[in-house]
Amino acid sequence: MINDFIIVGGGNAGFISALILHASFTGKKIKIIESEEIGTIGVGESSSEHFGDFCRFCRIPLLNLLLGAKATFKNGIYFEGWSDENYLHNISSFDCALASGNHFPYLHNVVANNRPNCELNQKGSVNNQVSLSYFNSLDNSPTNQFHFDTQALNNYLRGICRERGIEIIKDRIDSIDINSETGNIDSVNGSSMMIIGKAQKYEADFFIDCSGFSRLLLGKGLGVKWKSYSEYLPLDSAIAFATDEMDEYNIYTRATARDCGWSWQIPTQGRTGNGYVFSEKFINESQAQEEMERVYGHKININKTFKFDPGRMEKAWHKNCYAVGLSQSFVEPLEATAMGSVVQQMFAFIHTYPSNSIEECNEMVNGIFDNIFDYVQAHYLTKREDTPFWKEVKYDLKITPSLQKLLDKWERRFPQLSDIACQWAMFNSVNYIPILYGLKWFNTDKVLKEFRHIEHIRMFDWKDTRDKCLHMGHKKFINEVVRTNGRRL
């Protein structure tokens, strides 16, 4: 019987994991060991809608989150330059409810009638506005997605962990003791007492590896292998930097196609997080910085640089260790899957841990990753070929067999909810619709024929409903919340 957990690595993955464990299992001791030498990856970070699920599960008021993490709202991702028209990926709970089993509203209102991509989205999503109906009840947030100041979110979640009795220790883990008989981890050993020649031992029944790209426990300690997917994605490097606060906050993450990849722009209170994800086959870090300086029209200071190999561990749970977040997998920053995958992974764990269903959990986690990977890869089905990078993407990108199977179906008919069956999946077929429609991928003649076949089914047009709501500018809304509710922190 597992009575205590040690989480190696702080950061958002470590704190989210600890809080989900704390909310799930009473009487368990939970300890986090975080190193002060390891910083956070980004200067600004955005979430998927799964962060709202995490907050509700762990009883974290969304108002306090907004204030404590210097957050802004997010209604989706705005794709600029990926196609001949810009487009937005925004899926609300209202959209999903309308979509039923076959996404008929999208088929009718958008694709079959060749309507603009923005018609898929809530009013205000393109114009950076928030509905006033949420101002006096912000614990019922207008969105389940947010933009965060990465360090502020880190500090906020750390504070909640301490409030709830989760012990946090500052130490650097240098070595791991493996039991020669069972193969389990007996202890992890820190450097806090090395001054007297003896390492500090931390013993537990179960270990959560949140050590990031170093993969200290599952990889280096237990020898689980990395499964690379680099043949399926074109990018492998990134730089991150901060710029001044926006005059008006975007209510979306801006993802702009560049010469050799794409850049992000994330608004937070006080500053803006930016980055450029690129292929080192075509440019190096210095050239990437130069390209961004030409775009922004001034010098920039790079806060972080990192290289990555897209892929996952062969299994997330091995012996008495479970890897979460960057320790388990990494695709690339597109679609903000990092925190959402941590949430989904931990939900998979707490549903399989009591029965010790290791194989079942690993199957679920592999499914979560493959679902993310296929969805991210679909964004590169672009017709662009104006630079050597985009030309190679268009003609030489290798499609995963699972994504190709979906695309073959959708060549014949419109996506349906049953097309993706993955427990704890971050994306289902409705998420593909605005992306593929924005990329002009759908054969609208075939879709129109399908629409005519089912046109007797009642269709919906929510444009009039959207336009009746009163709205306020995003930044003004946030400033009013801070002004009137800051005392609640």
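User: How are helices and strands defined here, and how are they numbered?

Analyst: Helices (H or I, at least four residues) and strands (E, at least two) are DSSP runs, numbered from the N terminus. In this structure, Pro-333 sits in the loop between strand E23 (329–330) and helix H9 (337–352). The model is a predicted one: local features need pLDDT of at least 70, and side-chain atom pairs count only at pLDDT 80 or more, while totals for chains, interfaces and linings use all residues. Residues are numbered from 1 along each chain as its sequence is written, and side-chain values use heavy atoms, with hydrogens and water left out.

User: Is Pro-333 buried, partly exposed or exposed?

Analyst: Buried means under 20% relative accessible area, exposed over 50%, and partly exposed in between, with a 1.4 Å probe and protein chains only. Pro-333 has a relative accessible area of 25%, so it is partly exposed.

User: Which residues is Pro-333 in contact with, leaving aside its neighbours within four places in sequence?

Analyst: Contact means heavy atoms within 4.5 Å. With those neighbours left aside, Pro-333 is in contact with Trp-262, Trp-264 and Val-277. Trp-264 is 69 residues from Pro-333 along the chain, and their C-alpha atoms are separated by 8.7 Å.

User: How do strands of a sheet pair?

Analyst: Strands of a sheet pair through backbone hydrogen bonds, either parallel or antiparallel. Here two strands count as paired if DSSP finds at least two bridges between them. An open sheet is formed by three strands in the order E3-E8-E4, with antiparallel pairing. E3 and E4 are the edge strands, each pairing on one side only.

User: Where do the side chains of a strand point?

Analyst: In a regular strand the side chains alternate between the two faces of the sheet. In E8, Gln-145 and His-147 lie on one side and Phe-146 and Phe-148 on the other, and all are buried.

User: What follows strand E8 (145–148)?

Analyst: Asp-149 is found in the loop between E8 and helix H6 (150–163). Asp-149 is buried because its relative accessible area is 7%.

User: What polar contacts does the side chain of Asp-149 make?

Analyst: A polar contact is a pair of N or O atoms within 3.5 Å; within protein, one must be able to donate a hydrogen and the other to accept it, and residues adjacent in sequence count only if both atoms are side-chain atoms. The Asp-149 side chain reaches the backbone nitrogen of Ala-152 at 2.9 Å. Another polar contact, of 3.2 Å, links it to the side chain of Arg-271.

User: Is helix H13 mostly covered or uncovered?

Analyst: Helix H13 (residues 429–438) is mostly covered, with ten of its ten residues buried. Among them are Tyr-432, Ile-435 and Gly-438. At the start of H13, a side-chain oxygen of Asn-428 comes to within 2.9 Å of the backbone nitrogen of Val-430. After H13 comes Lys-440, which has a positive phi, near 60 degrees.
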